[in-house]
Amino acid sequence: MTAPPDDRTPTPLYGPELHGDALPALYERLRQTHGPVAPVALAPGLHAWLVLGYRELLRLCREERDFSHDPRLWNLLREGRVPADTPVLSFVGWRPALLFADGRQHRRMRAAVADALAGIDGHELRRRVRRAAEDLIASFAGRHEADLVPHYANKLPVQILMQLLGVTEERTVQQLVEAVTGTAAANADSPNAARRMAGLLRDLVQEKRRAPEDDVTSRLLAHPAGLTDEEVLHNLVVMIVAGNQTTRNWITTALRLLLTDPGLRTSVTGGLLTVDAALDLALWRFPPTQNFPARYATRDLSFGGQPVRAGDMLILGLAAANQDPEVLPPDGRPVPGNRAHAAFGFGPHTCPAQDPARLIARTAVETVRHRLPGLTLAVPEDELVWASSPWTRGLAALPVRFTAPHLTAAPAGGHS
């Protein structure tokens with residue numbers, strides 16, 4: 001991107017000060033100063049546009065002719081101005097996966113991914129999640145207190161993801177969990193973690209090619225779209241990285257809302273609202289992904305009042321778009337049950353895994369509510385802090401206390 005004039009100096013979208021408590025105010029300052037599209041920097045010298053407006057985000061997601069998913073179009077990358085070791089490349093480096101494709105190629109891979117996910121038995125998935133959730137709760141229930149981030153939410157989604165992909169060997173599961181965590185951390189070691197994850201998944205793909213089973217990996221390999229092993233591997237990377245952290249954050253923020261909003265908690269407990277309504281409020285107010293990379297302009301154009309040039313990167317400001325005053329009610333509070341939020345994206349690239357993700361999150365939240373009576377925060381609400389990241393929004397900790405837990409009397413796996 002050509003260096004903007006002084007009044008368009010990019011705002012840094014990196015650094016430890018950009019935590020969940022500070023970001024909403026930042027988005028509003030950017031909106032007031034620049035309008036629905038604002039200049040930002042992902043790292044020193046790496047300029048991009050952050051799309052803050054809801055309507056602009058809709059256009060960005062739907063108009064592939066103007067906004068491509070292919071990072072090889074990124075002008076800074078083509079000009080050799082992106083350091084090879086920048087953590088940003090862990091997110092935006094091209095790979096043969098649906099997230100980085102347009103048009104026919106995207107439709108081909110998305111069909112395979114969507115069909116592989118559609119093969120998940122919802123009843124069986126609910127049983128798996130409940131069983132894993134109850135085992136985790138049993139591991140800390142005797143203390144009558146826990147931190148639901150490391151003891152519960154950090155562990156549950158990734159366990160389920162590994163099962164769905166067909167990873168069964170305990171050591172491989174642990175290695176993949178560590179590699180996934182390192183990749184999502186967006187730090188100096190992220191490129192190494194991404195390479196470790198790719199190596200482990202390559203072994204998994206080869207194993208499932210030799211001996212297919214009833215799992216997502218095997219269904220991808222057998223799909224009529226004819227994905228290559230490399231395409232299967234990289235679509236698995238997208239599913240794991242996107243699915244694990246977002247579902248984890250979704251679970252903890254929904255629990256936070258139920259613990260800190262008495263009206264919501266009373267409505268859910270009394271049956272006036274469902275847990276799904278709480279999940280959707282969490283997606284409006286605290287979307288698990290704050291900002292999502294990326295689209296690349298295919299031509300020079302004016303967009304949101306900004307002079308976007310061909311090859312410029314545009315970041316999807318999901319959290320900011322959710323708070324766009326042009327689409328919120330006058331009181332600024334989304335209506336329970338409204339699913340028009342931006343959390344899953346829009347257009348051809350709408351998240352294909354949102355149904356299993358919702359089932360996992362709903363079951364995780366419901367199991368906590370049913371098994372941990374008298375659940376309360378162990379600290380004042382204003383002491384809860386968000387993990388520092390400009391990309392995702394998750395709690396750093398959620399310490400709670402509870403009375404006598406209601407644990408299942410059946411052996412692990414013996415209940416439905």
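**Close-up views of a predicted model**

View 1. With a disulfide taken as two cysteine sulfur atoms within 2.5 Å, the count comes to zero. C61 takes part in no disulfide. The cysteine sulfur nearest to that of C61 belongs to C351, 12 Å away. A disulfide is a covalent bond between the sulfur atoms of two cysteines.

View 2. C61 is buried, at a relative accessible area of 1%. C351 is partly exposed, at 27%. For the sulfur of C351, the closest cysteine sulfur is that of C61. The separation is 12 Å, so the two are too far apart for a bond.

**View 3. Crossing of helices α6 and α16.** Helix α6 spans residues 122-140. Helix α16 spans residues 354-371. Their axes come within 9 Å and cross at roughly 40 degrees. Angles under 35 degrees would count as roughly parallel, and 65 to 115 as roughly perpendicular. The two helices are therefore oblique to each other. The crossing of α6 past α16 is right-handed.

**View 4. Side of α6 in the contact with α16.** On α6, the contact residues are G122, L125, R126, V129, R130, A133, E134 and I137. They meet residues of α16, including P356, L359 and I360.

**View 5. Side of α16 in the contact with α6.** The α16 residues are P356, L359, I360, R362, T363, A364, T367, V368 and R371. Residues of the contact divide into nine nonpolar, three polar and five charged.

Key: Residues are numbered from 1 along each chain as its sequence is written. This is a predicted model: local features need pLDDT of at least 70, side-chain atom pairs count only at pLDDT 80 or more; totals for chains, interfaces and linings use all residues. Side-chain values use heavy atoms; hydrogens and water are left out. Axes are lines fitted to C-alpha atoms, for helices over the stretch in contact, and angles run from 0 to 180 degrees between N-to-C directions. Helices (H or I, at least four residues) and strands (E, at least two) are DSSP runs, numbered from the N terminus. Angles under 35 degrees count as roughly parallel, over 145 as roughly antiparallel, 65 to 115 as roughly perpendicular and the rest as oblique. A crossing is left-handed if the near helix is turned anticlockwise from the far one by less than a right angle, and right-handed if clockwise. Contact means heavy atoms within 4.5 Å. Ala, Val, Leu, Ile, Met, Phe, Trp, Tyr, Cys and Pro count as nonpolar, Asp, Glu, Lys and Arg as charged, and the others, Gly among them, as polar. Buried means under 20% relative accessible area, exposed over 50%, partly exposed in between (1.4 Å probe, protein chains only).
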